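Work through each task before you read its solution.

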Amino acid sequence: MAAPGARGSSLAGLLPAQTSLEYALLDAVTQEEKDSLVYQYLQKVDGWEQDLSVPEFPEGLEWLNTEEPISVYKDLCGKVVILDFFTYCCINCIHLLPDLHALEHTYSDKDGLLIVGVHSAKFPNEKVLDNIKSAVLRYNITHPVVNDADASLWQELEVSCWPTLVILGPRGNMLFSLIGEGHKDKLFLYTSIALKYYKDRGQIRNHKIEIKLYKDSLPPSPLLFPGKVTVDHVSNRLVIADTGHHRILVVLKNGQIQYSIGGPNPGRKDGVFSESTFNSPQGVTIRNNIIYVADTENHLIRKIDLEAEMVSTVAGIGIQGTDKEGGAKGEEQPISSPWDVVFGTSGSEVQRDDILWIAMAGTHQIWALLLDSGRLPKKNELQKGTCLRFAGSGNEENRNNAYPHKAGFAQPSGLSLASEEPWRCLFVADSESSTVRAVSLRDGAVRHLVGGERDPMNLFAYGDVDGVGIDAKLQHPLGVTWDKKRNLLYVADSYNHKIKVVDPKTKNCTTLAGTGDASNVITSSFTESTFNEPGGLCIGENGQLLYVADTNNHQIKVMDLETKTISVLPVFRPENAVVDGPFLGEKQKTLPRLPKSAPNIRLPPVAASPGQTLQFKLRLDLPSGTKLTEGVPSCWFLTAEGNEWLLQGQIPSGVIESISSQPAISLQIPGDCLSLEAILSISVFLYYCSTDSNACMMKGIMFSQPLQITSAQPGCIAPVELKYVF
């Protein structure tokens, strides 16, 4: 039989033969029948006079997880190859990754299988290699990935949607294509039979493809791709979804870790804190020592009880669901990639936090979990534990409608509640439509706020434009938080690397912070500071502070909305605590980063000899009418950039419990000095509030102490006083 196309042909050439195969498979009963049908199909396709051959990877493309660029007709010759056409924002592409991980676990390159990710971007931000690197890390992709930024392979093969899998034979000949998610059985069937078919013919080679994982080159970090952050307004704590470390952190406002639950590896286990595990958790919300977690890649909603120190599952069955209605009891109800959660109240009763609203990214809907018996708008009384759809048809659209079930979302990824009049709504960051929407808590009506365009089917109306309503443009926003003090909504405009602010009354959307560059510059100016795909944010301190999960910078940034300054929250463990997770040694402890506006006082040089002990006494004064914030220990840290040997065996940090009794900091010069000159930096962070206010403020200062190491007999060195008045 003549081939339906020549080298470089499109996927359409496979369609007639593969369609016939798939109809035949529907009638097959046993596994042997299915295997035989696929084997016969391969005999037919392999017998074509001309192969349907995939084009060579163009020269000059950027590669990840490899020693060097890969060639289809050199390196991959003798392999069954799966090309995964994906874009890292796409929830359907994310859903496919566990299937690919399972396939890689079953067959290796020695067995003749290799998977290659072909990243063909939807958004401009996704064409940037550094951003793809971050996604490769986030989703633990360990096979080679090529940045097909101009979609040249996509266009040559006439790929039509994300994700698309193309299975190649050992000559670069196209065998199968699978479009969309949910084809795990076919993927394993086609791959296993292809390996057997070509192994029977001696065409499989077991040579190794040189893999160099990008993740192995990274330094350890206390946070890894934090997704969401929320404030516990009662206990003065933050809850952070440390997504890349698969854990939840509860930290004090100075960043000291109080609880670390889960991590560092993915898993799915309930029970006591030391045994519990998560898989890429995103949304978190807390009330009365109870945290609810959107455990995204486990497709679960988890409950953390801080008093009992227990984790339990309250919704989901642990595998991805396709149900778009719901209505079962939570732990029996399949759900799909929950991305954010927020407390709410049923009916028009007194605020009692009896509903958990869920941004169900995987089915493009807003769901509700009843934490107590109650009712949703236009619903009958519902039993405690019921989990069901509230708004969204399940179609991936940007469709607003007075009837909530006829509205359409596109990967909703962030929620915030405005319970007070006249708003009474849920604000939604709808990432794939690049819009912010509002869902009425009176009747469920879904309306547009900013971004996107009027055509509900156009999910490519993105940009970076300040403006009103539909004239404003966003790019894949992931988070929203409501500021009830100012009646404003803050938006994590993730792919624009900005924080924006929306007035829901006028629909005016403006940039609050960020230049638009994906970097990590912290200045005294909001608009000159930078972010890298911020994914979540929350309001604290009675509207004074905005906490931002700066995802790809692996940081929580703190924006003071009154002083217009930005700082980085130092995340660290107390010296005497045992913390689960990735802290394997002192070298992995995070050192906080001072804002550029913080004073840097250079002290006169000090001469010291090996073995001699220096002492520094803090003499800091707070502004008049202020006091250290209770329960939030201020702290100090030592650094010696380029001369880390100076700190070996030292106590590198400590707390400041009282302004009237400040600590002395000691440093003993090591016996073996690697340099005769060094600069010791003493950084201090003070958390304080005015005596008539609960608003927490943070100030930082750095003292730089030049050291001159001398072999002269040590004399007595007077303590160095570190004085400053804030």
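The exercises below go from strands to a helix and then to aromatic rings.

The model is predicted, so local features need pLDDT of at least 70 and side-chain atom pairs count only at pLDDT 80 or more, while totals for chains, interfaces and linings use all residues. Residues are numbered from 1 along each chain as its sequence is written, and side-chain values use heavy atoms, with hydrogens and water left out.

**Exercise 1.** Find the strands that pair with β5, and decide whether the residues of β5 are buried or exposed.

*Solution.* 
- Step 1: Helices (H or I, at least four residues) and strands (E, at least two) are DSSP runs, numbered from the N terminus. Two strands pair if DSSP finds at least two bridges between them.
- Step 2: β2 (residues 80-86) pairs with β5 over five bridges in the antiparallel sense, and Ile82 has Ile167 of β5 as its bridge partner.
- Step 3: Buried means under 20% relative accessible area, exposed over 50%, and partly exposed in between (1.4 Å probe, protein chains only). Five of the five residues of β5 (residues 164-168) are buried: Thr164, Val166 and Leu168 point one way, Leu165 and Ile167 the other way.

**Exercise 2.** Work out the strand order of the open sheet that contains β21, and explain which strands stand at its edges.

*Solution.* 
- Step 1: The four strands follow the order β21-β22-β23-β24, with antiparallel pairing.
- Step 2: β21 (412-418) and β24 (446-451) each have a single partner strand, so one side of each lacks a neighbour in the sheet.

**Exercise 3.** Compare the reach of helix α6 with its expected span, and list its buried residues.

*Solution.* 
- Step 1: The expected span is 1.5 Å times one less than the number of residues.
- Step 2: α6 (residues 184-200) has 17 residues and reaches 24 Å from first to last C-alpha, close to the 24 Å expected.
- Step 3: Its buried residues are Leu187, Leu189, Tyr190, Thr191, Ile193, Ala194, Leu195, Tyr197 and Tyr198.
- Step 4: Just after α6, Gly202 has a positive phi of about 70°.

**Exercise 4.** Classify the aromatic pair of Tyr259 and Phe273, then the pair of Phe572 and Phe637.

*Solution.* 
- Step 1: Rings of Phe, Tyr and Trp (its six-membered ring) pair if their centres lie within 6.5 Å; planes under 30 degrees apart count as stacked, over 60 as edge-to-face and the rest as tilted. The count comes to 17 aromatic pairs.
- Step 2: Tyr259 and Phe273 lie 5.8 Å centre to centre with 85° between the planes, making the pair edge-to-face. Tyr259 is in β10 (residues 257-262) and Phe273 in the loop between β11 (271-272) and β12 (281-287), 14 residues apart.
- Step 3: Tyr259 counts as buried at 18% relative accessibility, and Phe273 does at 8%.
- Step 4: The ring centres of Phe572 and Phe637 are 5.6 Å apart with planes at 85°, so this pair is edge-to-face. Both residues, Phe572 and Phe637, are buried.
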